[in-house]
Every structure is written in structure tokens, then in C-alpha cells.
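This note is intended for a colleague meeting the structure for the first time. Please read the numbered points alongside the sequence and the model.

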Amino acid sequence: MTNDPREAFVQEVDELLEAMESALLSLEETPEDPELLHTLFRAMHTIKGTAGVFGFDPIVDFTHRVEGVVDGLRSGERALDEPLIAILLSCRDHTLALVQAVLEGEDPSQVSADLLGRGQQLLDRLCPEPVGDLTAPVASAPDGYGAAKVEKLAGREAADDYWIISLGFGPDALRNGMDPLSFLRYLGSLGEIVDIATRTDRLPPLADFDPESCYLSFQIGFQSDADKATIEGVFQFAEDDCEIDILPPRSKIEEYLALLDDLPEAQVQRLGEILVKIGALTEKEVAQALAAQAADQASARPLGEILVGRHDIQRSIVEQALDKQEKSKSRVAQEGRYIRVDALRLGQLITQVGELVINTAAMRVAVQRRDTDDLQEVVERVEALVGDIRDNALQLRMVQIGETFSRFRRVVRDVSKELGKEIDLVVTGGETELDKTVVEKLNDPLTHLVRNAMDHGIETPQERLACGKPAKGTLQLNAYHDSGRILVEIRDDGAGLDPQRIRAKAEARGLVEPERNLTPQETFRLIFEPGLSTKDEASSLSGRGVGMDVVRRNIEALRGSIELDSQPGQGTKVSISLPLTLAIIDGFLVGAGGEQYVIPLAQVAECVEIGREQALTHGDRHHVNLRGEVLPYLRLKEFFGIRSGAARKLRESLVVVRVGHAKVGLIVDELHGELQTVIKPLGRVFENLKGVAGATVLGTGDIALILDVQQLTALLQAHPQPQAVSGRH
Amino acid sequence: MKDLTTRLASGEPASGDDGASQYLTFRVADERYAIDILDVKEIIEVGRLTRVPMTPDHIRGVINLRGRVVAVVDLGARLGKGVSTLTKRSSIVLVEVASNEVEANGEQQLLGMLVDEVNEILEIAADHLQPAPDFGTEIRTDFIHAMGEVDEGFIILLDVNHVLSVDELARLGEMAAAATERPAEV
């Protein structure tokens, strides 16, 4: 958990701005979605509030203004259009900049004039001053504020569409200096009194009539945009001598219901609080109702009933508010299940679990030496528990990749506008989970690939139409699990890559000899070589020829691999294959040439014992006949050039491993079985080493290397003469 | 040996008042070398060494140092004197070197250095140090930090960050891997 409140603030701001961005992008599709508008409002409002607590004035000032605008959007006074979304996106970015500036600066209440200036510019664009003539905005914005007013006025005929105010002045009102008329006059300044009925039913027979007492009640139909509290305020001085009921108009009811819908479910509020918040009730009304409830404890009527009975509010609003309250309760119960934890602590826990796994293995080795049954049993139980703990600990760090994917909506939006292209982003498989550390390191390469696809891949609308493709290009991000690994795909339906051009470029750079034959796959792989870019002119986005090799390096640093496939005119697909986790895996331990190696269990298809006669040599390729299936293989000991004193065993074992859709055999001397493998990095000295993914410490204290089957296979395919490798040890 | 370890552990100031520094001396391929004692983290005997395939000769393998996987460099091979043969006196000197030459404040990397025998700690005054000769030494000049004058003779003080340059070791590893990949060209 984070203890530094500033850190918590930054995190909160990050999350809120993230939510704001994604809401804005969704609003491009559905500009009136109240839930999304509310998210905008909440982001600005919450940041303003928290910044206020810290005294970060520049943030407060800025977010306050933006919040005002968003509030206008929420209430329908202003319509959200695309330019406004663009400005709001910039406002979001500016808020982030402010937060950073404030946290880095010495005085949190000051930021640079430059930053303030930029903020002011944004604000000016956000709410341009209405020009002199007040009727102008009405005329120029038919779907905004003006229209709403026109509609309301037109609805004047609909008899029910105004506030119904009942004023029952008490007998002492006149004696106390109240003049009912003056209240009515003042009320008139807030709106229009459409109708007024004077009720005289309290007038006593003439004999009992006291000229100093007030017997009149008024029923007023009132047309106004003011809210309930304001209207109630009119009668503030009369409240002791007057019974006031203010019933909102029908259109207001809908507004209240909509407001109720928008209310965040983050915290459980009391019914009265909810109703006051949306403006359906005033605090005074609630206080009176509560007092009535307290006074009338015997009947135990719920507050809602009392409020409806007192004509303070319509039944439908109360019901909706109660419904909302219920929802908030369940939501809060759900949120209470989450705890925010420092990633460092999680990392520490996982390291410790790793040590626990290693030591459990050491314990097993020690116990096996003693060979006592009762101890064996205990060890087995402990091992099972440690296995569960390991799985749970690793699960803690798993996050869905969807969040990373959705970040690209902004990138795609901005870049496509910049490039003048129309691009649709389709995201699938966002629920696929992988280790948070992997996700973080995936961000840069993904960004690069997405930008590449937009810049080089997808053509301009004109070009696309000319090729008979829809003007709008599609960029797809997809993720899914496949035999213990995660596959992430970036696919576009753009121009595709031209193998000839890549080839020509690679030859020009001396990356490939002209006489060498390359499959299309191998040609595409050249893209990942340093210094190769197919775009002749570098743009601001990509094409500088640095990048794809860095992307590959980044992916390989995660023990992943990257492949590219492309059809000219059809598009390009980049697939990234990644391990599920960087910490602990299930492994399969084998022995070869006196050393021990771990193969990731998820990639082991089967193990068979084979005699030498089964391994056939066809020219320079080595294949083994596995139940009629021809399987390429490599003899690990020889491939690694280990010259061990012992002669080759008569019977060896063949471990069949899955690599993508293919299978490859590894011939080893012994099979030791499954084990939990804590992956330890080999260190920078070995960073260029292919075929080995890391190391692990065995129960005996020995080190076993973890094989990277994918890279081994690539080495095998590139040079199918493993026997010729000379040993130097 | 024991004396060395206790002195290392007790953290005695390595430099005397007169500007003298202490150096750990050891023998590799029948030559004596020394490194600054401040570079030495620990000295251990050679235990189980796990070979790493497809690496050059001077990468002897990896060891398990209390749960950490540490690469061991064969100093003899690194200095161009051929692969060392393990004997009872062989030791591994653990040193910490900068993991990245470019980023000076980068992470430190722990590496093991296989030597034939660890000898003693010598104190050499600063005015007894001489710059490495431009030529005439058997090993690369950038490996030499200075020549220390000891008992009428000279001892080569090694520059650990160059001898065990992680960048260079990694690059050499890459070349070795490439060479292994194309056996026909070996």
C-alpha cells in the first residue's frame, strides 16, 4: 500500500485521467451517453477536490473551469461535438502536465507562466465568451441551451409542466410582518407565475374573522429554471409562519431521474442525501421529514413514505433513489474486495515464494536420501501447498491486457487525424491475462508497431478507394493464450510489405548475400535487422530505420519472439509470442552430457525412449520416425558441443516439444521429471546467448539452464548440422 | 587465505594515511597479478560450475552463490593465456563491475573471476605506481590499471572494469554464438 499521500494522488489522477480519456474517445461515438459525461465530470471534479486538499492551486483553477464546462454538457446546456472533444482531450493532457509540474516544482501553488498560458489558451478555446448580443447563442446553437428553453416555453401549454408551490400562510403571518404578496412578487423575479389559485377554505365565518390573521393559501403554477433550493430560498423569511410545499414539474422529474442514474455508485449515501444532491429536495425538507419521522416513531414509517406524504416529492423519484442506493451498496461491497498494493511488495513476495520453492526442492532431495516414509508424506503435502502458494502469488501479478490495448485508442485517433487517414481500431481478447511486468515492458514495442501499421501500413482513403478497399482502414489488436504462452497480434488491412523492396534494401545494406535464397518468411524477418527501413522518407512517426530491431530486442528480453507476415495489398500481421510470467514456471528436467536442463513443461508434448536405430539421417537433415511421423530432432549433448567421457548411451530419450504449430524432438540422456522452476536471470554477460532463457537452482544446489525451445529450433532450422558444432570445453 | 578473508570481512580501511592502497594478489598462468582490494567482494573456493553452452572459452560457466546465479570468467583465458586447469588451489574472486559502460551510475553486476591461486594483500604506495607501458606487455594494455613496484620487481595491477567489461563479454558472447551457428566458417 502506498503511504505517501502525494503518490496516492498521482495514482488517482492517473486513473481518473485514463478514465477521462477513454470516456472522451467513447463519446465520439455516443456523444450523449450520460454515464460517460459523468465520468468526465467526476475526473475533473475529483482531481479538483484532491488537488485542493494539497493546495495545488493551479490544478484547482484549471480543473474547476473544465469541470464547469463538463457540467454544462451534462445538463444538456451545451452539446458535445468533435472539436470540443479534441479540446477536452488537450485539457486532460494539460491536467497531467500540471500535476507533473506541481509535483516537481518547489512551490506547489506555482507553476511556470508558460504552462499557465497554455492552460489559459485551452480554457479560452473551451468556453469562448458569448458575443455581445445575447440572442446570438440561441440562434447559432439550435441544439444547445437555446433550444432547450424554446422547448420549455412551447411546453407551456402542457398544464403540468411547472413547479407547483403550495403556500399555506399561518394565522400569525400578517402580525409578524409578512406580506404574502411581496413573496409572490419576489418569486416572479425567478421565473414566471403561470397560474395562481387563492384558496380561501380556511376563511372562518365572518363573526370569527380576525382582520389581523391570515387565512389565505396559494397554489401557484410556476415556470422557472431555478432549482428547488433557490425557490425555497424565496420563502426563507416566511418559513416559520408558512407551510411550504414545492413539487417539481414533470420535466424536472425526468431530470431528477436522469441525475439519479448518473450518480456515482462509489459510496453509499442516505436517501435524504441522495435526494438533496440531485436537487429534488432541499436540506430543510429532509430535516423536517426526519424530525417528523423521529416524532412519530410508533408508526415507523420510512423516510421516503413521509416525504411523499408531505408532498415534498413525487413517489417515482423516491423509488428510483432507493433503487440507486441499493446499487451503490452492492458496488461498494464489491470495491471493498480490492486492496491497493505496492508492486515492489508483490515482487518481494514472489521472490520469496521462489526461494521457498527452491528450498522445498532441497528438502525433498535431503528426505529422499534418508528414505523414511512418514517424512516423504509430509514433504509431499508441503510441496503441494507450496505449489498452490506459488500459483496464487503469481496470479496476484496478473493483469488483463485490455487496459494496455485501450490506451491505443488515443494513439490511433490522434495519429490517424495527423496523417489524414481513417482508421478503425478493433480490440479483441482484452481479457487475456499476463504478468504486469511483461505488460509494462510490452507498451513501447506495441506503440511502435501500432504507429508503424498506421504510418506505413494503412493507406490514405484515396489510395484505399483506388484499390477497391473501404476508405476506412482497420487496425486490429488481439491477444490469446496458446500452450503456455500469450500471443499478441497487431494486424492491419493496409498495403502490406513488399518482399522485393525489403530484399533490395537488405542487399544494399549488406545484410544478405544476393545469391542467397530466402523464403518470404525469412525475408520479412530481415525487417527486424538493425538499420533497415522500407519507407524512403522518414516521417515524424516512424521510418528512421531504428525501431524494428529495438522492438525485437525488447520482445526477446521478455523471453518472447516476434514474427511478421504480410500479403501485398492485403495487410500485415505481426505476432508476438510471450511467456506467461517472468518468475516461476513448471519445468521438465532432463540430463544431457552430465549437465541438467529444464524445458518449459507447457511446451513438452511427450517423452519417448528411443533406440539409435530409430534416428534416421537423410542427407544433412536429422529426422526421427515417431509413429510414422517425421520429426526433426537435435541431440542436445552434441548440439551444445559437450564432450563427455561417457560413450553415447544405447538408449536415449526423445522429448517432443511444441513450437508454435510444429513439433521438434530433443534427444537427451536422462529424464528427471517435472519440477517447479524459479527463473533466475543469467545476467548481462549472457544477454546475446540464444537458446537459453535463464537458469534455475535445483534442490541439490546445482544450477540447471532453462532452454528456450523456440530459439533452439530456430538455430536448428538455420543450420541443420548440429553434429558439426565443435566443442571447445 | 583465512587471514585474507577475515581482513576483508572486518572492513579495515584499505588505504593507509600515506596514500597507499591495498591490493589483492593472485596467480594466473604462472604470473602474478593484483586488483584493488576495494573491488573484491568475496573469495570462494571452486565448487560446482555449470557450463553454459555456445559461449566463448573465457566464460567458464555459472555458479550458485547463495541462490544467485553468477557468471564466472576464466581469467587465464580472458588474458589470452589459455583455459585454466582446475586444481585444489583454484579460487573464484567475486568482483562487482559496472554493468554498463555508458551509464556510469548503472547497475552493478557481480561476476566471478577464476584464478589459479590467491596469494596475499599488498600495500603499495601511490608513488610506487607507474602507468602501463604502451607496448611490451603480454596482455592488452587497457586491461592494465598500473604497474606496481614491489620488492624490486613489478606486478601488474589489473583494471577490473576493463578485464571484466560486461559489455565486451556480452559482445564476445554474441560473436561466439554466431560462430557456433555457422560451423562451416569456424
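1. Two strands are taken to pair if DSSP finds at least two bridges between them. Helices (H or I, at least four residues) and strands (E, at least two) are DSSP runs, numbered from the N terminus. In chain A, A:Tyr480 stands opposite A:Leu487 of S9(A). Strand S8 (residues 473–482) of chain A runs antiparallel to strand S9 (residues 485–492) of chain A, and eight bridges join them.

2. The model is predicted: local features need pLDDT of at least 70, side-chain atom pairs count only at pLDDT 80 or more, and totals for chains, interfaces and linings use all residues. Residues are numbered from 1 along each chain as its sequence is written, while chains are lettered from A and ligands numbered from 1 in the order in which they are written.

3. S9(A) also pairs in the antiparallel sense with strand S11 (residues 571–579) of chain A, over eight bridges. There, A:Ser577 is the bridge partner of A:Leu487.

4. In chain B, six strands form an open sheet with mixed pairing, in the order S8-S1-S2-S11-S10-S9. Strands S8 (117–124) and S9 (129–130) of chain B each have a single partner strand, so one side of each is left without a neighbour in the sheet. Within this chain, S1 (residues 21–28) and S2 (residues 31–36) pair in the antiparallel sense over six bridges; B:Asp36 in S2(B) is the bridge partner of B:Tyr23.

5. A:Gly279, with a positive phi near 95°, follows H11(A).
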